[in-house]
Amino acid sequence: MKRKKRIEKILSDNFKPWSVEVEDTSIIHKGHNNFSGNNETHFSIVLHTNRNNKFKRIDIHRRVNTLLEQEFSSGLHAL
């Protein structure tokens with residue numbers, strides 16, 4: 001499974017009933033730190049909820065980073 005699909009699944013499974021948007025922005029970073037832009041290393045993530053959001057943004061950020069820890073250790077460079 002491609003990294004984008006794995007990230008979408010991980011976040012969708014853990015942020016129900018939120019909508020999850022994941023965009024591969026790796027090509028924008030071509031040349032940065034010798035990245036080719038083809039290896040799914042950089043992503044933009046947008047989470048939307050229709051409910052009253054009781055979470056602080058920093059807590060959501062920490063949760064996302066924790067959930068994607070394995071992706072970071074296997075080549076994900078930036079969100």
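Student: Over the ring of which residue does the charged end of Arg63 sit?
Tutor: This is a predicted model in which local features need pLDDT of at least 70 and side-chain atom pairs count only at pLDDT 80 or more, whereas totals for chains, interfaces and linings use all residues. Residues are numbered from 1 along each chain as its sequence is written, and side-chain values use heavy atoms, with hydrogens and water left out. A charge sits over a ring if NZ of Lys or CZ of Arg is within 6 Å of the ring centre and within 35 degrees of the ring normal. At 4.7 Å from the ring centre, the charged end of Arg63 sits over Phe15.

Student: Which residues do ring pairs link into a cluster?
Tutor: Rings of Phe, Tyr and Trp (its six-membered ring) pair if their centres lie within 6.5 Å, and the count by this rule comes to 2 aromatic pairs. Ring pairs link into a cluster the residues Phe15, Trp18 and Phe55.

Student: How many residues apart are Trp18 and Phe55?
Tutor: The two rings form a tilted pair, 6.1 Å centre to centre with 55° between the planes, where planes under 30 degrees apart count as stacked, over 60 as edge-to-face and the rest as tilted. Trp18 lies in the loop between α1 (3–14) and β1 (19–24), and Phe55 in the loop between β2 and α2, with helices (H or I, at least four residues) and strands (E, at least two) taken as DSSP runs numbered from the N terminus. The pair thus links distant parts of the chain, the separation being 37 residues.

Student: Why does Trp18 count as buried?
Tutor: Buried means under 20% relative accessible area, exposed over 50%, and partly exposed in between (1.4 Å probe, protein chains only). Phe55 counts as partly exposed because its relative accessibility is 48%. Trp18 counts as buried because its relative accessibility is 14%.
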